[in-house]
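This report describes selected features of one protein model. The structure is shown first, and the notes come after it.

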Amino acid sequence: MESFFPNDGCINKYKAIISSFPKEKGWDTRNYMYKYQGFWYYESFAEGVMSAQEHFKAQPNDIIVASCPKTGTTWLKALTFAIVTRGVFDDSTNPLLKKVPHECVPFLELDLAKDSRDRDSAIPLVATHVPYISLPKTILDSGCKIVYVCRDPKDVFVSLWYFVAKQLISKNIEPIPKEDAFELFCKGTAHYGPYWDHVLGYWKASVEYPDKVLFLKYEEMKKDPSFYVKKLAQFMGYPFSLEEEEKGVMQKVTNMCSFENLSNLEVNKSGGHRENTTLAIPNHVYFRNGQAGDWVNHLTPEMGARIDRIFQQKLSGSGLTLTSLPDQDA
């Protein structure tokens with residue numbers, strides 16, 4: 001995979017290091033994935049993680065919006081952005097109406113990997129898929145808050161496979177068969193995987209630092225979005241006033257960021273993200289289904305049970321339970 005970053009000495013330095021890492025063919029079979037600090041990346045993303053670790057300078061008021069790919073990232077970006085900026089934009093001028101949420105909240109390992117100043121300083125949001133163990137030291141030392149969302153691993157796999165397949169098909173490339181991708185996912189060989197280790201890293205941090213790390217579950221958020229919008233605002237330091245609640249501001253944020261609303265905006269039906277770069281993606285690819293439990297329409301019961309068994313084993317003893325997994329012991 002061609003690098004997203006300019007070809008300079010710094011990136012060339014990372015390329016040389018990355019070439020020595022363990023590697024395997026990934027879901028895009030044209031390219032290798034490399035294992036760095038226990039997680040799998042395509043080369044350009046590994047470059048971004050290493051560059052961010054070296055160069056990113058966090059501010060104490062930064063809010064890190066963290067997730068593994070396809071776990072609710074787009075929704076969480078929209079919610080956090082709408083909450084933080086609700087006093088700046090009104091219902092008709094919010095950038096979320098004209099831009100995909102990924103353009104409103106910059107990605108640490110892509111947009112800010114080499115220069116942490118390359119963003120709107122008035123908006124303290126920084127998104128990332130980087131595992132907790134690999135976050136830049138300045139994030140952990142600065143005391144900034146982290147919001148993390150996890151999701152049923154079965155839905156994560158399905159969403160990730162379709163996301164990758166659609167991108168490849170748009171480039172006239174045959175996607176990896178779902179069954180082959182499934183085997184890789186169960187091994188942990190997936191973008192920013194193993195998924196269970198990604199989840200556990202942030203879960204353990206939320207247990208150790210509950211005032212700094214908020215751990216959210218996608219399925220619970222879908223059941224009661226208004227409750228979690230209020231909880232998010234409170235945690236981030238942007239609580240809704242009683243007057244705002246009475247005027248329905250909280251509900252407006254919830255409605256504006258809903259899957260139904262975002263997916264029907266013209267920009268998210270016809271626009272593109274990172275256009276004219278190696279990571280260009282049509283915006284509609286970010287909005288496939290948004291439902292919890294949709295995996296039953298795409299996986300066999302045996303495949304679903306296999307993922308459940310893996311996660312039950314991996315989460316055992318952690319204190320974390322996912323409501324989507326059957327008969328878990330805490």
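The sections below cover a strand sheet and a pair of packed helices in a predicted model.

## The sheet

Three strands form an open sheet in the order β1-β2-β3, and their pairing is antiparallel. The edge positions are taken by β1 (23-25) and β3 (39-42). Each of these has a single partner strand, so one side of each lacks a neighbour in the sheet. From one strand to the next, the twist averages 35°.

## Pairing of β2 with β3

Strand β2 spans residues 32-36 and pairs with β3 in the antiparallel sense over four bridges. Y36 lies opposite F39 of β3.

## Geometry of the helix pair

Two packed helices are described by the angle between their axes and by the distance between those axes. For helix α10 (residues 225-236) and helix α12 (residues 249-256), the axes come within 9 Å and cross at roughly 110°. Angles of 65 to 115 degrees count as roughly perpendicular, and α10 is therefore roughly perpendicular to α12. The crossing of α10 past α12 is right-handed.

## Residues at the helix contact

On the α10 side, the contact is made by P225, S226, V229 and K230. On the α12 side, the residues are M250, Q251, V253 and T254.

By class, the residues of this contact between α10 and α12 divide into four nonpolar, three polar and one charged.

Terms used
Residues numbered from 1 in each chain as written. Predicted model: local features only at pLDDT ≥ 70, side-chain atom pairs only at ≥ 80, totals over all residues. Heavy atoms only, no water. Axes fitted to C-alpha atoms, helices over the stretch in contact; angles between N-to-C directions. Helix = DSSP H or I, 4+ residues; strand = E, 2+ residues; numbered from the N terminus. Parallel < 35°, antiparallel > 145°, perpendicular 65-115°, else oblique. Left-handed = near helix turned anticlockwise from the far one by under 90°. Contact = heavy atoms within 4.5 Å. Nonpolar A, V, L, I, M, F, W, Y, C, P; charged D, E, K, R; others polar. Pairing = 2+ DSSP bridges.
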